[in-house]
Amino acid sequence: MLYGRTLFSMLISLITSRVTLEALGVNNYGINSAVAGVIAMFSVVSGSLSGSISRFITFELGRKDFDKLRRIFSTSINIQLVIGVFILLLGETLGVWFLNTQMNIPDGRMVAANWVLQCAMISFFIGLTQTPYTACIIGHEKMSAFAWFSIVESTFRLVIVYLLFISPYDKLITLSVLSLCVSVSMRFAQRIYCSKKFSECSYTFIFDKSLIKEMSGFAGWTFLTHTSWIFNTQGINLLINIFFGVAFNAARGLATSIEGMIVKFCNDFTTALKPQITKSYAAGEIDDMNKLICRGARFSYYLLFIMSLPLMFEAHAVIFLWLGQVPDYTVMFFRLTVIFTLIQHLGTTGYTGCMATGRIKWYTIIITSVGCLVFPLTWIAYKFNAPVEYAYYISIIIYAILNIIRLYIMRHLWGFPISMFFTKVILPIVKVTILSLILPAILYLHLEHGIIKALIVMSTSVLSGILVTFIFGLSVSERSMILNKSKAIINKFTTK
């Protein structure tokens with residue numbers, strides 16, 4: 001269901017982004033993106049809070065302590081309301097001032113820009129207070145409901161694009177108001193669903209000082225991790241802009257956009273897996289938790305690798321078909337971005353395990369301290385006239401080191417067996433990576449350039465990745481499970 005949701009959402013996004021640009025025009029589209037970006041800056045706060053709330057709700061589901069679960073849910077609502085009001089006040093003061101005095105808005109469009117800001121702030125506030133409900137849906141592993149809500153919302157946003165063409169009113173204001181209506185409607189629909197399905201989703205005013213302190217402290221440490229990530233992404237973008245110029249920013253942006261579409265599928269897998277890891281720890285099932293962490297890291301790598309492999313070889317052809325041109329450095333940036341993301345995702349399930357323990361103070365201090373080295377090391381490298389791609393090399397090395405450090409922290413927190421990660425994860429993925437590259441690499445080097453070569457290499461890459469992963473990357477029980485599931489699906493359709 002999550003993969004279907006992602007495919008559908010991506011298709012809708014491709015359609016709506018292009019048609020919305022056509023309906024609004026370049027100036028209005030730029031205003032909408034720029035003003036909405038002001039509110040997006042607050043996502044660092046909301047992201048850390050969301051992670052905290054999700055962890056606490058899922059943990060208590062694993063312990064089956066429903067009384068505390070109700071208190072956590074109501075306390076989460078209180079915390080989000082306070083933060084939401086604070087952000088609204090900032091938006092209505094600092095945000096409005098910044099928009100009206102500092103931003104470069106075309107003449108005659110300031111009123112429309114303020115409409116965009118107000119609608120974006122209300123939508124952000126509603127979304128912020130929605131977090132505990134979404135956490136309950138994911139914590140209860142109701143992934144089909146989670147997917148359907150996303151699919152319905154994407155469909156409504158497609159309808160909005162059609163309404164833009166027939167609306168007699170200001171297009172930008174129309175888009176902002178209709179988007180707000182969809183956002184509010186979907187959020188309240190989710191709340192109704194949660195209230196009927198989950199007993200803990202019944203708000204009562206509770207002031208639990210110790211619980212607020214515990215959850216806020218957890219959110220504070222995760223906020224530090226989010227801040228580090230911003231330095232390693234937006235900070236590097238700034239350095240590239242200063243030392244090399246906007247053309248390199250454009251190439252990096254395109255590479256990141258393509259990679260982001262692929263990562264969505266991998267994130268869907270980890271979204272379904274995270275509640276199971278947290279519940280296993282809460283229930284004291286440490287062996288099962290360790291197996292989930294290893295299996296999740298390995299499967300995440302396989303999913304990302306199989307989907308990236310054809311583009312790694314034929315990135316130039318794909319980007320040319322998409323844009324009609326291939327900006328310099330885009331292909332190299334994309335390939336390096338994929339390598340970095342593969343290494344980074346190996347630690348995703350381990351991160352979830354560490355968050356499940358709740359003892360994240362020293363984890364955050366150590367991981368953030370090492371992770372933050374990416375920015376200063378890149379700045380030093382550029383100062384000494386290093387090529388632009390050194391930012392990627394530094395990121396890859398630092399995050400590989402972080403994965404090793406995380407394993408030792410995991411061993412300290414709950415006795416995670418490090419040798420298990422190397423035998424169950426590292427050795428299989430190294431074997432799969434090397435063997436999967438052989439046949440596509442031979443074809444890529446020996447076939448003549450053209451669309452036929454691109455199709456052959458890409459299809460061979462996918463088949464090679466799937467077959468090698470199935471034969472050499474899975475255990476006997478995993479292969480048996482996949483075969484049995486496939487037979488069950490085939491029999492289901494053939495009997496009909």
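**A loop residue, a helix pair and the cysteines**

Asn-385 lies in the loop that links α14 (374–383) and α15 (390–414). The model is predicted. Asn-385 is not a glycine, yet its phi is positive, at about 65 degrees. Its side of the accessibility scale is clear: with a relative accessibility of 70%, Asn-385 counts as exposed.

Helices α6 and α7 form a packed pair. Helix α6 covers residues 143–166, and helix α7 covers residues 171–197. Their axes are 10 Å apart and meet at an angle of about 160 degrees. Angles over 145 degrees count as roughly antiparallel, so α6 is roughly antiparallel to α7. The crossing of α6 past α7 is right-handed.

Both helices supply residues to this contact. From α6 come Ala-145, Phe-149, Val-152, Glu-153, Phe-156, Arg-157, Ile-160, Leu-163, Leu-164 and Phe-165. From α7 come Lys-171, Thr-174, Leu-175, Leu-178, Ser-179, Val-182, Ser-183, Met-186, Arg-187, Ala-189, Gln-190 and Tyr-193. By class, the contact of α6 with α7 holds 14 nonpolar residues, four polar residues and four charged residues.

The cysteines were examined next. The structure holds zero disulfides. Cys-181 is in no disulfide. The nearest cysteine sulfur to that of Cys-181 belongs to Cys-119, 8.1 Å away. A disulfide requires cysteine sulfur atoms within 2.5 Å. Cys-181 has a relative accessibility of 42% and therefore counts as partly exposed. Cys-136 is buried, with a relative accessible area of 0%.

Conventions. Residues are numbered from 1 along each chain as its sequence is written. This is a predicted model: local features need pLDDT of at least 70, side-chain atom pairs count only at pLDDT 80 or more; totals for chains, interfaces and linings use all residues. Side-chain values use heavy atoms; hydrogens and water are left out. Axes are lines fitted to C-alpha atoms, for helices over the stretch in contact, and angles run from 0 to 180 degrees between N-to-C directions. Helices (H or I, at least four residues) and strands (E, at least two) are DSSP runs, numbered from the N terminus. Angles under 35 degrees count as roughly parallel, over 145 as roughly antiparallel, 65 to 115 as roughly perpendicular and the rest as oblique. A crossing is left-handed if the near helix is turned anticlockwise from the far one by less than a right angle, and right-handed if clockwise. Contact means heavy atoms within 4.5 Å. Ala, Val, Leu, Ile, Met, Phe, Trp, Tyr, Cys and Pro count as nonpolar, Asp, Glu, Lys and Arg as charged, and the others, Gly among them, as polar. Buried means under 20% relative accessible area, exposed over 50%, partly exposed in between (1.4 Å probe, protein chains only).
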